[in-house]
Amino acid sequence: MTPVPQSPYARALGERIDDLHPRLRAYFNAVPDGAVGVGEGVFQRVGTPRRWLWPLLRLLERRGVVAAVWESDVPFRVENRTIASRAIGERTFHLARGSWVMRDAVALTRHGRVVDELGEPGLVAACFDVETHEGALRLTSRAVGVRLGRLRLRIPRPVAPVVRLTERFDDALDRQAVSLTIDAPVLGRVYEYRGDFTYRIQHTGESPAGAEKEQTA
């Protein structure tokens, strides 16, 4: 029998995964083979109002890391898969100028943390502590690095940005909420996105309408 894969988040949390809201457990557990986790919703805010940062962000945007924008009410779609025990994510932002795709791959470290490699191919990596709080999942970066060719360079902690991600479930809205912030020393907030969405597991060959019907049955 082929063992059921575990997601890096489930392995990092261990027994603490039971502290998550039940709907978040489904989100952070492994996506079954032959299926994809699909989320659809709206970001209330995306990007940064600091336009002087946009030229740098455009370089990262081309690699699928962050978008050089400051927009509100941005529709988006998430597709999650579990491949070789890694959580592979693709987020499509429907920006005013057109669609843009952010890609990442999350793996477990030997220290029981998770490392998220962003971009296609991977350009930026952040290592996170994984915590739970009142049913939500919280990630806080401990280290951030960049890849230059074959070199991986860790940004010194005194000047490294701090990335914080919170995922929670809002029972009143019956939607999952996500908030990501990136803060740099001295500069403060340099990037963010926040929004809410619905989520379902869609199996191969299944229509979106059929998946939604199965989820709400």
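**Figure 1. The whole chain and its surface.** About 12,000 Å² of accessible surface covers the protein chain, and 53% of that belongs to carbon and sulfur atoms. Keep in mind that this is a predicted model. The chain has four helices and eleven strands. Its radius of gyration is 17 Å, close to the 17 Å that the globule rule gives for 217 residues, so the chain is as compact as a globular protein of that length. Along the principal axes, the C-alpha trace spans about 50 × 40 × 35 Å.

Figure 2. Of the 217 residues, 45% count as buried. Take the contacts with a separation of 6 or more: 49% of them come from residues 24 or more positions apart. As for charge, there are 32 positive and 27 negative side chains, with the centres of the two sets 8 Å apart.

Figure 3. Ten aromatic pairs turn up in a search of the whole structure. One of them joins Y27 and F28 edge-to-face, at 4.9 Å centre to centre with 85 degrees between the planes. Y27 and F28 are both buried.

**Figure 4. F76 meets F197.** Here the ring centres of F76 and F197 sit 5.8 Å apart and the planes are at 70 degrees, so this pair is edge-to-face. F76 belongs to strand β2 (residues 70-83) and F197 to strand β11 (residues 188-203), so the pair ties together parts that are 121 residues apart in sequence. F76 and F197 are both buried.

**Figure 5. One aromatic cluster.** Y9, Y27, F28, F43, F76, F93, W100, Y193, F197 and Y199 form one aromatic cluster.

Note on methods. Residues numbered from 1 in each chain as written. Predicted model: local features only at pLDDT ≥ 70, side-chain atom pairs only at ≥ 80, totals over all residues. Heavy atoms only, no water. Phe/Tyr/Trp six-rings, centres within 6.5 Å; stacked < 30°, edge-to-face > 60°. Buried < 20%, exposed > 50% of the residue type's maximum accessible area, 1.4 Å probe, protein only. Helix = DSSP H or I, 4+ residues; strand = E, 2+ residues; numbered from the N terminus. Rg over C-alpha atoms; globule rule 2.2 N^0.38 Å. Contact = heavy atoms within 4.5 Å. Areas by Shrake-Rupley, 256 points an atom, 1.4 Å probe, with all protein chains shown as cover. Lys, Arg positive; Asp, Glu negative; His and termini not counted. Charge placed at Lys NZ, Arg CZ, Asp CG, Glu CD.
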